[in-house]
Amino acid sequence: MTQLRRLLPDPAPLTPAEAVEGLAFGQRAPADRPYVAVNFVESVDGRAAFEGRSGALGDDVDRQLFHGLRGRVDAVLVGTGTLRAERYGRLVRDPDRRAAREAAGLRPDPLAVVVSRSLDLPPDIPLFQDPDSTIVVYTSSDAEPPECPADVRLVRLDPAETTMTTALRRLRADHGVRSLLCEGGPTVFGALVHERLVDELFVTLSPKLAGGMDPLTILQGPRLPDPEELELRWVLEAGGSLFLRYGVPLG
Ligand SMILES: NC(=O)c1ccc[n+]([C@@H]2O[C@H](COP(=O)([O-])OP(=O)(O)OC[C@H]3O[C@@H](n4cnc5c(N)ncnc54)[C@H](OP(=O)(O)O)[C@@H]3O)[C@@H](O)[C@H]2O)c1
């Protein structure tokens, strides 16, 4: 059994499952949108990808926590760049994890959520090819959605209203989504931060250097007016990786 060391708040050993089991994001949802947690992995030199993907930056414990967080939410928001680069598939493939979600009062599979102005989606990726997946797509495009086995629910929005704020309000009102995990990418995270929609940030600081001349960091987009102060909520460690949880008092 993989053990993490909790260094903060109170030092203790725990498993990845124990680390996430008390997370009740939905109970903390504001009235008009879901509670929003964001999860990223980055190298010590601040890179969010290596050769265009994040997989080489993480390790097994990071992946367990990544899936553990998926187990705690109603829906998962992912950018089109990330869907394409990481070739997303069904969000919860493991039947035991689906059963655990049901036992926690959630649907077996979280909704997948995409916001896209262009509707330039990657229908060939496993997620769109999976008949058990439901994908809610908010778009201002007039284009037709891709024909694919997944249940794609297109919601057309006015171009001026095609924002993360509108999408999150509609998710809450139309689908009852109280907890949302954003898995990136950095452009979508930037949009959420600028619209002040992030409640928590989970960051794995991986004990690796990535280098390279293309400095993709976890947050892309315009510079913030001032550096935002985050509130450190926990520090976990395993195998030299630090798993950090921050409150984001942007609301
Ligand atoms: N280290 C990590 O944990 C991690 C996590 C995720 C991703 N990544 C990496 O990040 C890279 C992909 O990230 P990315 O930043 O290029 O793409 P992204 O954030 O995944 O997706 C960006 C797309 O989101 C859509 N979008 C919708 N509303 C938006 C808004 N209000 N503002 C901006 N974009 C909006 C746009 O699609 P339309 O053009 O269709 O409008 C935009 O092109 C990959 O290399 C991936 O491996 C790393």
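Two residues are in contact if their C-beta atoms, placed from the backbone, lie within 7 Å. By that test Arg-97 is in contact with His-67, Gly-71 and Val-92, leaving aside its neighbours within four places in sequence. The model is predicted: local features need pLDDT of at least 70, side-chain atom pairs count only at pLDDT 80 or more, and totals for chains, interfaces and linings use all residues. Residues are numbered from 1 along each chain as its sequence is written. Helices (H or I, at least four residues) and strands (E, at least two) are DSSP runs, numbered from the N terminus.

- Helix α6 covers residues 186-194, and its buried residues are Pro-186, Val-188, Phe-189, Leu-192 and Val-193.
- These residues cover an arc of only 160° around the axis, which puts them on the same side of α6. The arc is that of the directions from the helix axis to the C-beta atoms.
- A residue is buried if 20 or more other C-beta atoms lie within 10 Å of its own, exposed if 12 or fewer, and partly exposed in between, with C-beta atoms placed from the backbone.
- The buried residues of α6 pack against β3 (35-43), β4 (75-77), α5 (164-175) and β8 (179-182).
- Leu-192 is in contact with Val-36, Val-38, Met-164, Cys-182, Leu-197 and Val-198, leaving aside its neighbours within four places in sequence.

**Nonpolar core**

- A nonpolar core is a set of buried Ala, Val, Leu, Ile, Met, Phe, Trp, Tyr and Cys residues joined through C-beta atoms within 7 Å.
- The largest such core has 60 residues. Val-38, Leu-180 and Leu-192 have the most contacts inside it.
- β3 gives the most to this core, with six residues.

**Shell around the ligand**

- The shell holds 31 residues, and Gly-79, Gly-81, Gly-184, Gly-185 and Thr-187 come nearest to the ligand. A residue is near a molecule or strand if its C-beta atom, placed from the backbone, lies within 6 Å of it.
- β3, α3 (80-86), β5 (111-116) and α6 each supply at least two residues of the shell.
- α3 gives the most, with five residues.
- By class, the shell divides into twelve nonpolar, 13 polar and six charged residues. Ala, Val, Leu, Ile, Met, Phe, Trp, Tyr, Cys and Pro count as nonpolar, Asp, Glu, Lys and Arg as charged, and the others, Gly among them, as polar.

**Strand β5 and its partners**

- Five of the six residues of β5 are buried, so β5 is largely enclosed by the rest of the structure.
- β5 pairs with β4 in the parallel sense over three bridges. Two strands pair if DSSP finds at least two bridges between them.
- Val-76 has Ala-112 in β5 as its bridge partner.
- β5 also pairs with strand β6 (residues 134-139), in the parallel sense over five bridges.
- Val-114 stands opposite Val-137 in β6.

**Cis peptide bonds**

- Leu-8 and Pro-9 are joined by a cis peptide bond, with omega about 5°. Pro-9 is found in the loop between β1 (4-8) and β2 (12-14).
- The peptide bond from Gly-184 to Gly-185 is also cis, with omega near 5°. Gly-185 is found in the loop between β8 and α6, and both glycines are among the residues that come nearest to the ligand.

- Arg-87 has a positive phi, near 50°. Arg-87 lies in the loop between α3 and α4 (95-103), and counts as partly exposed because 13 C-beta neighbours lie inside 10 Å.
- Arg-196 has a positive phi, near 55°. Arg-196 lies in the loop between α6 and β9 (200-206), and with 13 C-beta neighbours inside 10 Å counts as partly exposed.

**Other exposed and partly exposed sites**

- Arg-97 sits in helix α4. With 16 C-beta neighbours inside 10 Å, Arg-97 counts as partly exposed.
- Arg-97 and Asp-132 are 35 residues apart in sequence and 15 Å apart in space, C-alpha to C-alpha.
- Met-213 is found in the loop between β9 and β10 (231-238). Met-213 is exposed, with 4 other C-beta atoms within 10 Å.
- Met-213 and Leu-119 are 94 residues apart in sequence and 30 Å apart in space, C-alpha to C-alpha.
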